[in-house]
Amino acid sequence: MRDEKLKEIEEEDFIIYIFIALFVLKLYSNKVERKYRIYNDTSCRKRYHYINEITFIVAMLISIYYVYTNLKNDEVNYLAIIANVLSIVGVIIFLYFEIISDD
């Protein structure tokens with residue numbers, strides 16, 4: 001039981017590191033988008049859209065992972081599942097708009 005809880009804490013730490021990397025990527029994406037808006041550089045436009053798509057996909061995978069791990073637990077936290085499913089829906093909407101965006 002104790003080893004299992006320590007493993008869960010290590011997994012949560014790893015996911016937090018991933019979120020930190022995603023925040024740094026989003027900051028870089030904003031910098032690239034700013035360059036696109038100022039200089040109208042089309043390569044920057046493609047790059048910031050690509051970075052945004054990657055970050056949304058990773059965030060969605062993390063939410064799916066949380067739903068999966070919560071469902072396999074003996075004590076299912078339905079509130080956490082609902083929150084993560086809503087998060088997945090939100091990320092899918094953002095990803096959709098990022099993909100169809102022509103700007």
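This is a predicted model: local features need pLDDT of at least 70, side-chain atom pairs count only at pLDDT 80 or more; totals for chains, interfaces and linings use all residues.
View 1. On a 1 Å grid over the protein atoms alone, a pocket is an open set of points where a 1.4 Å probe fits, with protein on both sides within 12 Å along at least five of seven lines; lining residues have an atom within 4 Å of a point. Residues are numbered from 1 along each chain as its sequence is written, and side-chain values use heavy atoms, leaving out hydrogens and water. The largest pocket holds about 620 Å³ of space, the volume filled by probe spheres set on the points. Its lining has 17 residues, with Glu 4, Glu 8, Thr 69, Lys 72 and Asn 73 nearest the centre. Helix α1 (a DSSP run of H or I, at least four residues) gives seven residues, the largest share of that lining.

**View 2. A pairing of Lys 5 and Glu 8.** These side chains meet in a salt bridge at 3.6 Å, N to O; the term means a side-chain nitrogen of Lys or Arg within 4 Å of a carboxyl oxygen of Asp or Glu. Both residues lie in helix α1, three residues apart. Glu 8 has 28% relative accessibility, so it counts as partly exposed (between 20%, under which a residue is buried, and 50%, over which it is exposed).

**View 3. A pairing of Arg 37 and Glu 33.** Here the closest N and O atoms of the salt bridge are 3.0 Å apart. Arg 37 and Glu 33 sit four residues apart in helix α1, about one turn.

How values were computed: Helices (H or I, at least four residues) and strands (E, at least two) are DSSP runs, numbered from the N terminus. Buried means under 20% relative accessible area, exposed over 50%, partly exposed in between (1.4 Å probe, protein chains only).
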